[in-house]
Amino acid sequence: MNINIIGGGPAGLYFAILTKQSNPAYEITVYERNGPHDTFGWGVVFSGKTLANLREADAPSHRRITDAFAAWDNVDVVHRDQKISIHGNSFSGIARLQLLKILQERCSELGVTLHFKREIGNVAKLAGSSDLLIGADGVNSMVREKFKNHFEPTLNVRPNKYVWYGTNQLFHGLTLTFRQNQAGVFAAHSYKFNQTTSTFIVECDPKTWTKAGFENMNEAATRAYLGEVFADDLNGHPLLSNNSKWINFLNVKNAHWSHDNLVLLGDALHTAHFSIGSGTKLALEDAIALKQCFDETKDARSALTQFEKVRKPVIEEYQAAAQESCLWFENARQCMHLDPLELAYEIMTRSGKVDEESLRRRDPAFMHAVNEERAKRKAR
Ligand SMILES: Cc1cc2nc3c(=O)[nH]c(=O)nc-3n(C[C@H](O)[C@H](O)[C@H](O)COP(=O)(O)OP(=O)(O)OC[C@H]3O[C@@H](n4cnc5c(N)ncnc54)[C@H](O)[C@@H]3O)c2cc1C
């Protein structure tokens, strides 16, 4: 079988690994437009459950990923200079570049052909010479665009602006920090992903963005401004840029997931707002699901039909939770009157996936403090 993959991100590389590992005779080629060491962004996070799935799917890459991890169990919410920690949430962070290196190395070991600096323009031609063609070319997928009449994508640009920085200030937990100034409300999503660096994503609503004057600010001035907004949190460390620019989150859905021998995977197929930290997890788990469908069916067409059937409901559930979370951050300014404990509770339950009972199981002391605060407020 001849499999071609457009895009050497987590989805494409991991599908190549899983398929080559159990079918060494298959010819599998990944085409990536960037070089092996180029990437955007800083670190990505995984939950404990994702790691168990990765271990089962491919033990060597799982071991290398977990060796490189920074792990933690707390979500910290910072509001009005007070930090509330909620424990019992198992997360790990890894540099995106390191994750890609591990996956690239594993591909090479197994005999997957990797072509870097090879941008594919003619999808139809490559599809014609493939038994299976995977469009794993990310959120702005050219494959999806070229075959949009078949995939029928829905692309929804969200109003908030966000920018993805790094910093050498270490945030030992998934830290959500809220700061206000005369322009409005800023939220930072930060977490440590190795011994020296944290991801630091800043998000704000369009009103705040306009009032702060970012439209006419260059990259250095923007970083300086946001460094000032989060000065108390960054502890003197500057924000680090990796070609970091303001963007709007793009929500991607597709009515159909495959067309003939062509299938979309990862961000090309679906996105889930970064505030639930699931993009890379979903990309890797897509690869696991698609590989399983090939194991269970006899030909490519049935495998692709099966993939959409079993995976779509899972993705829809994540996207629904991610949408709630995204909306919460878009309306964060309405919650700034809450005291830090109540805000932390609102944040933990925002996606509808966590309720009071599960919070009590995760961190009884936190729920106890929330209820005490509520009782005091009632008494007042
Ligand atoms: C601000 C922000 C924060 C995030 N935080 C997290 C997080 O904490 N945890 C998490 O799990 N996820 C996070 N994500 C999401 C995560 O980065 C993506 O979901 C994940 O990388 C998707 O993997 P992928 O392989 O589908 O796509 P990508 O990683 O985007 O890979 C696609 C690849 O295709 C290549 N390509 C594109 N077009 C072509 C072409 N024509 N020819 C050849 N190659 C091509 C690209 O160069 C790219 O390397 C975040 C995203 C953002 C924007």
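Strands here are DSSP runs of E of at least two residues, helices are runs of H or I of at least four residues, and both are numbered from the N terminus; two strands pair if DSSP finds at least two bridges between them. The model is a predicted one, in which local features need pLDDT of at least 70 and side-chain atom pairs count only at pLDDT 80 or more, while totals for chains, interfaces and linings use all residues. Residues are numbered from 1 along each chain as its sequence is written, and side-chain values use heavy atoms, with hydrogens and water left out.

Strands β1 and β9 belong to an open sheet of six strands, ordered β8-β2-β1-β9-β17-β16, with mixed pairing. At the edges stand β8 (113-115) and β16 (258-259); each has a single partner strand, so one side of each is left without a neighbour in the sheet.

A further open sheet has three strands in the order β3-β7-β4, with antiparallel pairing. Its edge strands, β3 (43-47) and β4 (70-72), each pair on one side only. The twist averages 25° from one strand to the next; such angles run from 0 to 180 degrees between the N-to-C directions of axes, which are lines fitted to C-alpha atoms, for helices over the stretch in contact. Between β4 and strand β7 (residues 91-95) there are three bridges, and A70 stands opposite G93 in β7.

Helix α2 lies across β3 and β7, running at about 85° to β3. The axes of α2 (residues 48-57) and helix α11 (residues 279-296) come within 11 Å and cross at roughly 35°. In their contact (heavy atoms within 4.5 Å), T50, N53, L54 and A57 of α2 meet K281, L284, E285 and I288 of α11.

Helix α12 (residues 300-330) bends by about 35° at R311, with a proline, P313, following within four residues. The bend is the angle between axes fitted to the seven residues ending at a residue and the seven starting there.
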